[in-house]
Amino acid sequence: MIPESSVATDILHSEDFEIVYNIIQALRDQDNRLEDWIERLNSEYVRTGRIGGAPKDHEPVSVQIEDVDIQQFSEELYVQIATINANPVHSQRKTVFGKGERKTGHSRIFKTIGDFSFESFIDNLVDPTIEKFRKKGRNILPGTDLKVNHNNVSHIFRLGLTEKDGKNYKLTPLGEYYLDGRIKPHDLFRKQMLRYSHTLEEQKSERTLFPYRACLEIIKGLESFEPLTFNEFAFCIYPMYDSTEESIQTAIDDIKYLRKNYPKLEAISMANQPQILQVLNKHFATSLTEIDIWGAKATTVKTSSYISVIICLCLMRLSKFKTVIYV
């Protein structure tokens, strides 16, 4: 199973070594002691990004291999166990939601133009709607005549291509430009994402958030090529309620805190999620739920996915923001 002159990384990622993880997984589902130990490994890895120290007598898994750096091998093995064997075999995240369960548990002012990818926005919302105007040969139509699906009328209005005129929708000058082909889809989104904002009235005062501008300023302020993760978005950016310098700096500081104290949060096991979530909610003064963070169809997830696509698009055209973000 372990060839001569192998290094730890090669051994642990080899196809032959998968049998070890399979055995541990089978034992994990039968042995509470092993299950508790793996949860402790996972918690340590989430918080520190590593698992240090040689195995102790009471550890249920010990390593004895000749001609291999045993400490390095053990630490790397425990990282693999903490992630590969993190959850029981039959564990499954909730994918069917009850009424209202998809909605985030956090009060939402951070709203995007739409929860769609750029390609879907253009192909399924913008172009079919603009084509309605083109075929009718008019720049104003009733909303009922424009309807293609549940989202197209409202979303091209948010994008600034139409404006309301009673029960009708009229093409704006920008909409006329797009209809005539004088502005390309990428340029349209680059322009409108920087203009888009959402305002919340609260206790006779207004708070305005420019979500895309804020994200770009935060990425710029991090001065790092490290990718912006979903967890950083959810805990540090999503709760923002305005685009002031103070709010942007707070988000930057929060992201740095998360990177320092929970460098491997994405590897967290299902058993450790409630405890860590409670700690993070208390620190960041948020009320995010497990569905918000780990539910694949939650509102927070959709917002993050969409805004990542749009920021990538913007970054391709705005050279002064030189960083990397992965979708």
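Two strands count as paired if DSSP finds at least two bridges between them; helices (H or I, at least four residues) and strands (E, at least two) are DSSP runs, numbered from the N terminus. Welcome to this predicted model, where local features need pLDDT of at least 70, side-chain atom pairs count only at pLDDT 80 or more, and totals for chains, interfaces and linings use all residues. Residues are numbered from 1 along each chain as its sequence is written, and side-chain values use heavy atoms, leaving out hydrogens and water.

Let us start with the sheet. Three strands form an open sheet in the order β1-β3-β2, with antiparallel pairing. Because β1 and β2 stand at the edges with a single partner strand each, one side of each has no neighbour in the sheet. Three bridges link β1 to β3, and L141 has Y169 of β3 as its bridge partner. Helix α5 packs on this sheet and touches β1, β2 and β3 (contact means heavy atoms within 4.5 Å).

| Element | Residues |
|---|---|
| strand β1 | 140-142 |
| strand β2 | 162-165 |
| strand β3 | 168-171 |
| helix α5 | 118-136 |

Next comes a helix pair. Helix α12 (residues 245-261) and helix α13 (residues 273-284) have axes 12 Å apart and pack at an angle of about 150°. The two helices are therefore roughly antiparallel (angles over 145 degrees, on a scale from 0 to 180 degrees between N-to-C directions). D254, Y257 and L258 of α12 meet L280, H283 and F284 of α13 in the contact.

Finally, E44 lies in helix α3 (residues 32-48). The C-alpha atoms of E44 and K264 are 9.4 Å apart, although 220 residues separate them along the chain.

Key: Parallel < 35°, antiparallel > 145°, perpendicular 65-115°, else oblique.
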